[in-house]
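Please read these points with the structure open beside you.

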Amino acid sequence: MKDFRENITAGSLADRALFHLKYSRGKDLHAATSFDKMWCFSHALRDMAVDGFIATQRTYLAKDVRRVNYISMEYLIGKMCENNILALGITDIADEAIKALDITTEEILAHDVEAGLGNGGLGRLAACYLDSLATQELPAFGYGIRYEHGIFCQEFENGWQRERPDEWLARGYPWELIRPEYTLPVLIYGHVKKNLIPGRGAEDVWEGWEMFEAVPYDIPIIGYEVNTVNMLRLWKSQPAEGFRLDIFNQGDYVRAVEEKNWAENVTKVLYPSDYTYAGKELRLIQEYFLASCSVRDIIRRYRKTHSSFDRFAEKNAIQLNDTHPTLAVVELMRILHDEEGIPWEKAWDITVNTFCYTNHTLLAEALEKWTVDLMQRVLPRHTQIIFEINHRFLQKVELDFPGDGDLLRKVSLVEEGPHKQICMANLCVVASGKVNGVSALHSELLRKNTMPEFNKIYPGKFCNVTNGITHRRWLLKANPELSALITEKIGEDWKKDLSLLEGFEKFAKDKDVQIRFMEIKKANKQNLCKTIQKLIGECVSPDSLFDVQIKRLHMYKRQLLNAMHIIHLYQKIKENPKIQMQPRTFVFAAKAAPAYLIAKSVIKLINTLSEVINNDIDVADRIKVVFLPDYNVSLAEKIIPAADVSEQISTAGLEASGTGNMKLSLNGALTVGTWDGANIEIAQHVGEDNIFIFGHRTEDLAELRRKGYKSQSYVDKSKGLQKVIEAIRDNAFDPSQPDLFKDLYNDLTMHGDHYFYLADFDQYVECQEKVSKLYADETAWAEKAILNVARMGWFSSDRSIQDYCDGIWHIERTPIKPSEDVD
């Protein structure tokens, strides 16, 4: 059967690009800038995928398939041009077509736009899952928000993080298709009153609301070498009435656009700061905005082929990616019960059989709660519905577990106290058919420690799906030379089935493969050296060990522990400038939330260390510290293939899974990690001899807490730790500002060392000494690195998606025929 991709030739692609250059950009080749050429070529690629996109949607509709609707606040999709070329299988064709534009492929890719739709692992996981859903030919839709400014662009000013808007949409985004015909109303505020409905009695009616609108933009998600092209639908907010000409003509120019500005603020930025009441309100509205328009769009699509809601849950699974989209549960209940007149019990049955929830954290502060006062102000009818859900749920719990008041208090959706709060994670559990964690340990802790009461009430509801990554972006695209070596040795099939990567294991001891593997690693390090030089002007040696920690800046992820080790090494050099030491380049990249002040102090400390250590002649390049600004997918694609060591050093029991650990290991970095999250499963697959595990385990830390953790005791018995702590306390790196890092010192000592830095420090230092010793043996290091690559097949997002299909969603593969007729 002819594949739609077979219609793509270098000539047709070049012609389409030139067409867009003339008719979309209004230019010819002589006048076109390199950005124009990127834009028109991207449009040409998008056009080529439209046949698959149309055939996919037509097939889903004609076959009335069961679909999964994935709702997430974040999608860290990265740049799309090269990824789409790879998915379409037209690398050589694209290179040839680009020549007609009088530009190189590298120049085209340099101008590609990185969408500002996410911040960290949550968004990158969602992007990997969309890729796997399309590649596995599964009926799926992604729903998110089209943020105008994303999270923020990070700059460093005197070592401190400074935020500025991410203007990723300033010149447009070539991959999206606007769908104004599917614009939806979104209602907030107002009040609820009783109305007498003929034949139905007195019912609660939501009135006096304010309305704004949601406009959808679609981004095609192209499956790898298949005909399936799914979609990611992003919602942009706009006013229902944008410009008040009558008010403008009265001279009140500010008030004339007041409604426009207010409505557009909803999708201005990802995660508006919630340190003010107004910020909390905006964030709640933003979450409801995503939930409401996504649910309404799912219903609109369902109604194309169904006149009643009897089969809604049969035809739709809605996956909540963390608690942010929780209000989708309440919105579906409101629509079914209030608008469609479906009795409560039936509406609730449909809802529970539709929704599934992925929990991504065990941190209490990350399990969202909204005050009842705020919820009633913004969503009065939804608040009523939540209280009714809670009332009926607690009644059932009381019947099943009579007299257990403590159980009722712990599982209630409403937390009592001076300010009543609605617990969104509890609502997700009650309203979902399945609840999954994202690593074996995380899922176990979720059941036993975080939500044991719910596990008691709902035996069998909790399950595990360990996260995965798409090797198509993180190996094929990010590390083409290593991919080529693997293909040379084991053939092409691993590109579609990563489990076949195990065939590469037999080459781990092959001297020729080891040499070539390390040559590829060094070439990747040389490329990263150029990036470092370009971004921060620092020269680093590719012959040094590249020690990498790249992830969201949070105290439980313990970038500060890494910095403490660097201080320890620096102090050893200052004490004995002639000491022999394995040269290391420490590479950091991370963003701290704008209001997370202590995390910003960690960034300042690392940048201070960089300034001092990199310019100290005693160090003699044995240590280099670099903190690369504005971490994103594109920067990760440069860092990960170059990494020798992957720092995964979170406090045990607090990292749900992690996916950076998987990407780095897949590219041949050896993990230094705690027994936490997916580190455990990585150790089990690659072998504990091929990973460096240190530190107290979850059960050890629980015992320390139970006995009363005394952090100072670890300082008292470790001279090295004592010196490090004193250096932070006194800011030994810049004596002119002695109190600069007192907040970090106090957090480690006076405030109880909540994340057990001091308890794990000596073990961490000892572990790093083992790393240095092994790295000196290039043959042994190469063997372990190759084994890491070969044994990472299980961590494919394709496997994760199959786990979801088998245990949660129960959706089936639906191959797409590119022909006009659909059976």
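This is a predicted model: local features need pLDDT of at least 70, side-chain atom pairs count only at pLDDT 80 or more; totals for chains, interfaces and linings use all residues.

The points below go through the cavities, then a helix pair, then a pocket.

1. Rolling a probe the size of a water molecule over the atoms shows where empty space is left. A search of the whole structure for cavities of 30 Å³ or more finds five.

2. The largest cavity. This cavity holds about 130 Å³ of space. Its lining is made up of Ile 77, Met 80, Asn 83, Asn 84, Arg 124, Ala 127, Leu 130, Asp 131, Ile 221, Ile 222, Thr 470 and Arg 473. By class, six of these residues are nonpolar, three are polar and three are charged.

3. Elements around the largest cavity. Which element gives the most to this lining? The answer is α6, with four residues. At least two residues each come from α3 (81-88), α6 (121-135) and β9 (210-222).

4. The second largest cavity. Its volume is about 90 Å³. Around the space lie Tyr 60, Leu 61, Asp 64, Val 65, Arg 67, Ile 298, Arg 301, Tyr 302, Thr 305, Lys 315 and Asn 316. Two or more residues of this lining are given by α2 (34-63) and by α10 (277-302). The largest share, three residues, belongs to α10. Sorted by class, the lining of the second largest cavity has five nonpolar, two polar and four charged residues.

5. The pair α2 and α3. How do the two helices cross, and at what angle? Their axes come within 11 Å and cross at roughly 35°, and the crossing is left-handed. On the α2 side, the contact involves Phe 41, Ser 42 and Leu 45, which meet Cys 81, Ile 85 and Leu 88 of α3. Five residues in this contact are nonpolar, one is polar and none is charged.

6. The second largest pocket. This pocket has a volume of about 780 Å³. It is lined by 31 residues, and the closest to its centre are Leu 362, Ala 364, Leu 367, Asn 449 and Thr 450. The lining includes 15 nonpolar, seven polar and nine charged residues.

7. Elements around the pocket. Which elements each supply at least two residues of the lining of the second largest pocket? They are α16 (405-411), β14 (414-415), α17 (424-431), α18 (440-450), α19 (452-457) and α28 (698-707).

Note on methods:
Residues are numbered from 1 along each chain as its sequence is written. Side-chain values use heavy atoms; hydrogens and water are left out. On a 1 Å grid over the protein atoms alone, a cavity is a set of points where a 1.4 Å probe fits but cannot get out, and a pocket is an open set with protein on both sides within 12 Å along at least five of seven lines; lining residues have an atom within 4 Å of a point. Grid points are joined across faces, edges and corners, and a volume is the space filled by probe spheres set on the points. Ala, Val, Leu, Ile, Met, Phe, Trp, Tyr, Cys and Pro count as nonpolar, Asp, Glu, Lys and Arg as charged, and the others, Gly among them, as polar. Axes are lines fitted to C-alpha atoms, for helices over the stretch in contact, and angles run from 0 to 180 degrees between N-to-C directions. A crossing is left-handed if the near helix is turned anticlockwise from the far one by less than a right angle, and right-handed if clockwise. Contact means heavy atoms within 4.5 Å.
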